[in-house]
Each structure stands twice: as structure tokens, then as C-alpha cells.
Amino acid sequence: LKFCQALPKVELHAHLNGSLRDTTIRELALKRNLDPALTKVIEMGDRTLSECFKLFDIIHRITTDHDTITRITCEVIEDFAADNVHYLELRTTPKTRSEHGMTKRSYTEAVLKGMQEAQQGSRGQNITVRLLLSIDRREDTAAALETVQLAAELHSRGIVGIDLSGNPTVGKWSAWEPALQEARRQGLKVTLHAAEVYNPEETAAMLHFRPERLGHMCCLDERLEVLHYNTGIPVELCLSSNIITESVASYPEHHFHPFYSAGHPVILCTDDSGVFCTSLSKEFAIAAHAFQLSNSQLWQLSEAAIDHTFLKEEEKEQLRKKFQIARATLE
Ligand code: 5GP
């Protein structure tokens, strides 16, 4: 774990509301008078995939106002920076909450404010942060298009792409595809949560869309596996998340291994570091142990993630230089 902590890292799959500190959750639950039974679910509840989505709804009940959104954004960035993450692509679903005077735009502005505050503070200076706006699978075409439009308008302020996430058993691909096509037209990059449950038609449609990245890809049959390998689309893999939610039976059986062995681009990520009690360093340590990776392989894995960021080429080059300087120090 020590080596993994010292390793400079890139985090490309982290959901804001899933990455909350334990202490903040407890404090907010108390302040909002959250039913103690619900607080208990947050603290020690079941974490199967379907339970996780109930849990997110509970977390959303305590992160309702703009100041809280700004605060948690700032804290999450500080936590990734403390874990030696040099580049973070944070993602979050813009929310409309009329009872709090919140629109998707004002929610997103609150997140951007948190990003700015974190990077002005002493703990966030060594980390570069970009934002992806997520479309929740519960949303219809119009709501998805609103998110894409917002991301396009705020492109110059650090929003680099669109994510599709939310309960994988809900909704239909045809509802979000027009918005995702629009995202592409607007110059935004796209990453999709795919194959978290077995849904061959949807997964094939997602592969056909050719997003820049895919997340998870746990439930594939042989045909989809071949299709995916042939596209070469990089995959964001979240080991703890997949094991805890029971999407994958054990670490040694995780599809990281076949992907990595075949030379398919993979990126280790946390998904929801708060919900799954993890950090990116821990994920690297788990991979090192489960798949017997050497320090030099861990280094390569970490550095290769830069290629798959949604940064511009010159920004990637700067990040590579920063990694090389860190490597010299590490050695
Ligand atoms: P938020 O977007 O509110 O900042 O972060 C929490 C949201 O991210 C959840 O409500 C859910 O839509 C999405 N999310 C977090 N983890 C996962 C995951 O493992 N799979 C999927 N499909 N969605 C997730």
C-alpha cells in the first residue's frame, strides 16, 4: 500500500455523492435530522447493486443545498489530492430541487465553486480537476439534453464530458442516445456505464455508439467481449465496487485480468470511495495483490491512464512530465 500511496495517480471514475467522507455524512445526517434508521443504512447497510441505489437516494437527502454541494466537492478533491491523485475527473448528476431553489445550472455552479475553492486551498494545489456531468438513467430525453446543453455551455470552465449512470435496470438506451449524439456534436467526450447487469442489446448499442470510455463492463457474453476488444475502447474498472456490489464473485475472477493480459486499455478507479470505503491507492494495492503486478507494472498502469483522460493533448503532455518528475523522486 505504501508504494501505491506514493505513486502519482489519475482518477477517471469517481461520483461526487458516492465519495463523501464518513464524518461529513454523519454530520449532515445529524444536521438534517435524518431518520436514524436511514443513517444506519448509510453507515453499515447492505451494498449490493440494488441496495446501493437506495443508498444514493438517502445520501442525496442530506446533500440538498448549494453550500453543501460546494463543501463536499471541495472535501472530495482534497481527499483525492491527499491520496496523491494528480488528475481527477469527477462526475456528478446535476439536480433540480425547486424546494431549495436549485436548478441543474445552479447545482453545477455550486460544484464548480467547490472545484475552485479546493484548488485555491493549500490541500488542492497539486491536483488538476475536470468535471463530467452525468445523465441519470431515470431521466428522459429532454432532461438528458438539458444536461448536455449545460455541459456544452460550461465547457470552458472545466466540464469536459458526459457520463451515463444510475440504476442499470432502469430506462432505455433510445431515451439518452439523442442527447449523447448531441454531446458529441458539441465537442464533449462521452463515457458510459455499461454491462453492469447482463443486457446484451443495450451493451451492443453502447459499443456501436463508440464512446471514448466505458465503465465496468462486468456482464458480457463471448460475442460482446469480442466486439468490445475489437473497438479498443478503454474501460474504467472499479474492483472494490464490483466485489462489494456482487457484480463480480472475487478479485482473482475480476475481468481486469483478461483485459489487462490481452493488452486492452484499462484504468483502475474508485467509483464511490465513500460508499465502498476505498481510495485509489487501495485499488492499486488490491490489483497488485490479486493479479501479482510488479511496481513497474503499477507505474505503467498509472501513467497509461493519462492517455485516456478527456484532457487536450498538450495538457496530457504536461501531466506526463509531472509524472516523470514524481517518478524520479520515487526511485
Ligand atoms: P452524484 O451523481 O449524485 O454525485 O453521485 C451519485 C450517483 O452516481 C448515483 O445516484 C448514481 O446515479 C451514480 N452512481 C454511483 N455509483 C454508481 C455505480 O456503481 N453504477 C451506476 N450505474 N451508477 C452509479
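Me: Looking at the strands, which residue stands opposite Val190 in β5?
Reply: Ile162 does. Bear in mind that this is a predicted model.

Me: OK. Which strands are pairing there, and in what sense?
Reply: β4, residues 159–165, pairs with β5, residues 189–194. The sense is parallel, and the pairing runs over 4 bridges.

Me: How many strands are in the sheet, and in what order?
Reply: There are 8 strands in an open sheet with parallel pairing. The order is β1-β2-β3-β4-β5-β6-β7-β8.

Me: Which strands stand at the edges?
Reply: β1 (9–15) and β8 (266–268). Each has a single partner strand, so one side of each is left without a neighbour in the sheet.

Me: By how many degrees are neighbouring strands turned against each other?
Reply: On average by 25 degrees, with direction ignored.

Me: What does α5 touch on the sheet?
Reply: α5 packs on the sheet against β1, β2 (85–92) and β3 (128–136). The direction of α5 makes about 150 degrees with that of β2.

Me: And α8, which strands does that one touch?
Reply: α8, residues 173–185, packs on the sheet and touches β3, β4 and β5. The angle between the direction of α8 and that of β4 is about 165 degrees.

Me: Switching to helix pairs. At what angle do α7 and α8 pack?
Reply: About 15 degrees, with the axes 8 Å apart; α7 covers residues 141–153. That angle is why α7 counts as roughly parallel to α8.

Me: Is the crossing left-handed or right-handed?
Reply: α7 and α8 cross in the right-handed sense.

Me: Which residues meet there?
Reply: From α7, Thr141, Ala144, Leu145, Val148 and Ala151. From α8, Ala175, Trp176, Pro178, Ala179, Glu182 and Ala183. By class, the residues of this contact of α7 with α8 are 9 nonpolar, 1 polar and 1 charged.

Me: What about α8 and α9, how do the axes cross?
Reply: At roughly 10 degrees, and the axes come within 11 Å; α9 is residues 200–209. With that angle, α8 is roughly parallel to α9.

Me: Which residues make the contact?
Reply: Trp173, Glu177 and Leu180 of α8, with Glu202, Ala205, Met206 and Phe209 of α9. The contact of α8 with α9 has 5 nonpolar residues, no polar ones and 2 charged.

Me: Back to α5. At what angle does that helix pack with α6?
Reply: α5 (residues 66–82) and α6 (residues 104–120) pack at about 40 degrees, and their axes are 7 Å apart. At that angle α5 is oblique to α6. The crossing of α5 and α6 is right-handed.

Me: Which residues of α5 and α6 meet?
Reply: In α5, His66, Ile69, Thr70, Arg71, Thr73, Cys74, Ile77 and Glu78. In α6, Ser106, Tyr107, Ala110, Val111, Lys113, Gly114, Met115, Glu117 and Ala118. The contact of α5 with α6 divides into 8 nonpolar, 5 polar and 4 charged residues.

Methods. Residues are numbered from 1 along each chain as its sequence is written. This is a predicted model: local features need pLDDT of at least 70, side-chain atom pairs count only at pLDDT 80 or more; totals for chains, interfaces and linings use all residues. Axes are lines fitted to C-alpha atoms, for helices over the stretch in contact, and angles run from 0 to 180 degrees between N-to-C directions. Helices (H or I, at least four residues) and strands (E, at least two) are DSSP runs, numbered from the N terminus. Angles under 35 degrees count as roughly parallel, over 145 as roughly antiparallel, 65 to 115 as roughly perpendicular and the rest as oblique. A crossing is left-handed if the near helix is turned anticlockwise from the far one by less than a right angle, and right-handed if clockwise. Two residues are in contact if their C-beta atoms, placed from the backbone, lie within 7 Å. Ala, Val, Leu, Ile, Met, Phe, Trp, Tyr, Cys and Pro count as nonpolar, Asp, Glu, Lys and Arg as charged, and the others, Gly among them, as polar. Two strands pair if DSSP finds at least two bridges between them.
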